[in-house]
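I opened my notebook with a simple plan: look at the charged pairs, then the strands, then the core. Here is what I wrote down.

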Amino acid sequence: MALEPNHEENNDLSGFKYAWYKKAEYQINIKSYLTLGTGKANQTEIEQDWTIIPGEYNHIAVESSAQRYIQSDGQMQAFYEILEKINKATEVVELSLNTDKSINEVTNKDEILRKWEEIKKDLHFFELVKESYKTFIQSTIKSLII
């Protein structure tokens with residue numbers, strides 16, 4: 001199983017315009033492919049709303065909605081449920097920005113880590129239920145740590 005970037009789409013975000021002092025809403029659309037050997041085994045398309053909320057000078061909060069599945073494989077539903085639990089830790093991300101508006105640091109990382117610890121307890125149940133979930137959860141956790 002390999003994840004490959006979609007080279008057909010422009011992934012350059014340098015043109016993404018925002019103002020730290022102004023509330024804004026964006027709709028994010030993400031397509032992902034799971035490949036098996038040389039073919040596409042699965043394609044998923046999700047939408048998510050992001051709200052950018054201004055804070056003190058050069059601080060913003062990004063609130064994300066639950067993901068809406070536009071296209072998904074029914075066989076992957078259990079994995080989608082696990083991903084939804086994992087995403088709960090970062091529903092709100094508070095950022096400190098550099099003067100060029102790039103990200104300086106995540107200022108609510110302690111809160112995110114606390115939520116993550118609670119979510120890991122729930123995920124342990126999934127690991128006990130099915131061995132394939134355990135493998136998926138462990139590989140997801142490793143990718144989040146890196």
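**Entry 1: charged pairs.** I began with the rule: a salt bridge is a side-chain nitrogen of Lys or Arg within 4 Å of a carboxyl oxygen of Asp or Glu. I kept in mind that this is a predicted model. How many salt bridges does the rule give? I got seven. As background, I noted that side chains of opposite charge can pair when their charged atoms come close.

**Entry 2: R68 and E47.** I looked up this pair and found a salt bridge between the side chains, 3.6 Å from N to O. The two partners come from distant parts of the chain, 21 residues apart: R68 is in strand β4 (residues 68-71) and E47 is in strand β2 (residues 39-54). Is E47 buried or exposed? E47 counts as buried, because its relative accessibility is 18% and the cut-off for buried is under 20%. R68 comes out at 30%, so I put R68 down as partly exposed.

**Entry 3: pairs inside α2.** Next I checked helix α2. E111 makes a salt bridge with K115, with the closest N and O atoms 3.5 Å apart. They sit four residues apart in this helix, about one turn. Both ends are partly exposed: E111 at 30% and K115 at 22%.

E118 and K121 form another salt bridge, with their closest N and O atoms 3.3 Å apart. These two are three residues apart in α2, so about one helical turn separates them. E118 is partly exposed at 45%, while K121 is exposed at 56%. I also jotted down a network: salt bridges with shared partners join E47, D49 and R68.

**Entry 4: strands.** I followed β5 to its partners. β3 and β5 run antiparallel and are joined by five bridges, with E63 opposite V92 in β5. β5 also pairs with strand β6 (residues 103-106), again antiparallel, over three bridges. There, L97 faces I103 in β6.

**Entry 5: the core.** Last, I looked at the largest nonpolar core, which has 14 residues. Which members touch the most others? My list reads I60, L95, W116 and L123. Two or more residues each come from β3 (59-64), α1 (77-87), β5 (92-97) and α2 (109-129). α2 gives the most, four residues. My side note: nonpolar side chains tend to be buried together in soluble globular proteins.

How values were computed. Residues numbered from 1 in each chain as written. Predicted model: local features only at pLDDT ≥ 70, side-chain atom pairs only at ≥ 80, totals over all residues. Heavy atoms only, no water. Core = buried A, V, L, I, M, F, W, Y, C linked by side-chain atoms within 4.5 Å. Buried < 20%, exposed > 50% of the residue type's maximum accessible area, 1.4 Å probe, protein only. Pairing = 2+ DSSP bridges.
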